[in-house]
Amino acid sequence: MVEHVMTTVGIIGAGHIGQALARTFIQHGYTVTIANSRGPETLADLVADLGPSATAATAAEAGAAGDFVVVTVPLKNYRDIPVAPLAGKIVIDTNNYYFERDGHIPELDEGTATVTGLLQAHLPESRVAKGFNHIGARDIPTTGSPAGTPNRRALATASDFEDAAALVASIYDEFGFDAVNVGPLSESWRVERDRPAYVVRQNREELEANLAEAPRTI
């Protein structure tokens with residue numbers, strides 16, 4: 001497990017997950033620069049509520065400011081994520097595929113791609129890892145527990161880059177969760193929507209079992 005040495009998180013997306021992560025990062029001593037699609041002026045109330053460790057910005061500014069970056073936007077908008085400011089950085093992807101919202105994406109329907117793999121292809125110079133996609137926003141700050149706690153909740157990550165997966169695992173541990181590394185992004189479908197590991201409380205052993213039981217297509 002690695003300890004984080006970075007202090008500023010860029011968060012692109014200010015929905016429920018983005019806000020929950022912003023609050024939890026701040027509680028753990030990080031500073032946050034957060035963006036949405038409507039402009040930083042629309043985030044004034046949120047930033048005031050988050051306190052002095054938070055600032056509002058454009059997506060490009062949040063990407064540039066972050067030592068690492070969280071992308072938490074509807075999947076249909078992933079191509080709007082700025083590429084250049086995220087180059088060379090670890091990017092944590094919380095996205096999920098809801099065809100009712102995103103429209104049908106054939107390669108996801110057919111099982112030939114993964115949600116986070118699409119973002120990695122869009123950000124070829126970034127190191128993308130899946131994280132926080134299978135936990136409800138309210139549970140992020142409330143269901144963690146210290147390392148070694150019996151039945152500690154576990155969350156999964158996946159990445160084609162070891163350091164990116166290690167960063168997500170270290171953040172999980174900071175926030176009170178065990179981490180299970182699924183492997184490369186080609187395996188990250190195992191924790192996507194409607195599969196056994198999706199948005200249920202599970203310990204490490206249960207998560208590993210649910211990942212193993214996941215069907216490739218649904």
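1. Helix H1 covers residues 16-27; its 12 residues should span 16 Å at 1.5 Å a residue, and the 17 Å between its end C-alpha atoms agrees with that. The expected span is 1.5 Å times one less than the number of residues. Helices (H or I, at least four residues) and strands (E, at least two) are DSSP runs numbered from the N terminus. Just after H1, glycine 29 has a positive phi of about 95°.

2. On the source: this is a predicted model, in which local features need pLDDT of at least 70 and side-chain atom pairs count only at pLDDT 80 or more, while totals for chains, interfaces and linings use all residues. Residues are numbered from 1 along each chain as its sequence is written, and side-chain values use heavy atoms, with hydrogens and water left out.

3. Which residues of H1 are buried? They are Ile17, Gly18, Ala20, Leu21, Ala22, Thr24, Phe25 and Ile26. Buried means under 20% relative accessible area, exposed over 50%, and partly exposed in between (1.4 Å probe, protein chains only). These H1 residues pack against strands S1 (8-12), S2 (31-35), S3 (54-56) and S4 (68-71), and against helices H2 (44-50) and H7 (162-175). Contact here means heavy atoms within 4.5 Å.

4. Helix H7 has 14 residues and reaches 20 Å from its first C-alpha to its last, close to the 20 Å expected at 1.5 Å a residue. Its buried residues are Ala164, Ala165, Leu167, Val168, Ala169, Ser170, Ile171, Tyr172 and Phe175. They pack against H1, S4, S5, S6, strand S7 (154-159) and strand S8 (178-181). Glycine 176 follows H7, and its phi is positive, near 105°.

5. The largest nonpolar core has 36 residues, of which Ile11, Leu21, Phe25, Ile34, Phe68, Phe132 and Ile171 touch the most other members. Such a core is a set of buried Ala, Val, Leu, Ile, Met, Phe, Trp, Tyr and Cys residues joined through side-chain atoms within 4.5 Å. Two or more residues come from each of S1, H1, S2, H2, S4, strand S5 (90-93) and H7. H7 gives the most, with 7 residues.

6. Leucine 21 touches Ile11, Val70, Thr94, Phe132, Ile140 and Phe175, not counting residues up to four places away in sequence. A second, separate core of 20 residues includes Tyr78, Leu86, Tyr97 and Leu123.

7. Is helix H6 (residues 115-122) largely enclosed or open? Of its 8 residues, 6 are buried, so H6 is largely enclosed by the rest of the structure. The buried residues are Val115, Thr116, Leu118, Leu119, Gln120 and His122. What covers them includes S4, S5, helix H5 (106-109) and strand S6 (127-130).

8. There are 6 aromatic pairs in the structure. Phenylalanine 25 and phenylalanine 175 form an edge-to-face pair, 5.1 Å centre to centre with 65° between the planes. Phenylalanine 25 lies in H1 and phenylalanine 175 in H7, so the pair ties together parts that are 150 residues apart in sequence. Both are buried: phenylalanine 25 has a relative accessible area of 0%, and phenylalanine 175 has 6%. Rings of Phe, Tyr and Trp (its six-membered ring) pair if their centres lie within 6.5 Å; planes under 30 degrees apart count as stacked, over 60 as edge-to-face and the rest as tilted.

9. The ring centres of tyrosine 30 and phenylalanine 68 are 6.2 Å apart and the planes are at 90°, so this pair is edge-to-face. Tyrosine 30 lies in the loop between H1 and S2 and phenylalanine 68 in strand S4, so the pair ties together parts 38 residues apart in sequence. Tyrosine 30 and phenylalanine 68 are buried. Ring pairs link Phe25, Tyr30, Phe68, Phe132, Tyr172 and Phe175 into a cluster.

10. Asparagine 95 lies in the loop between S5 and helix H4 (99-102). At 3% relative accessibility, asparagine 95 counts as buried. Asparagine 95 touches Val71, Thr72, Val73, Leu75, Tyr78, Val115, Lys130 and Asn133, leaving out residues up to four places away in sequence.
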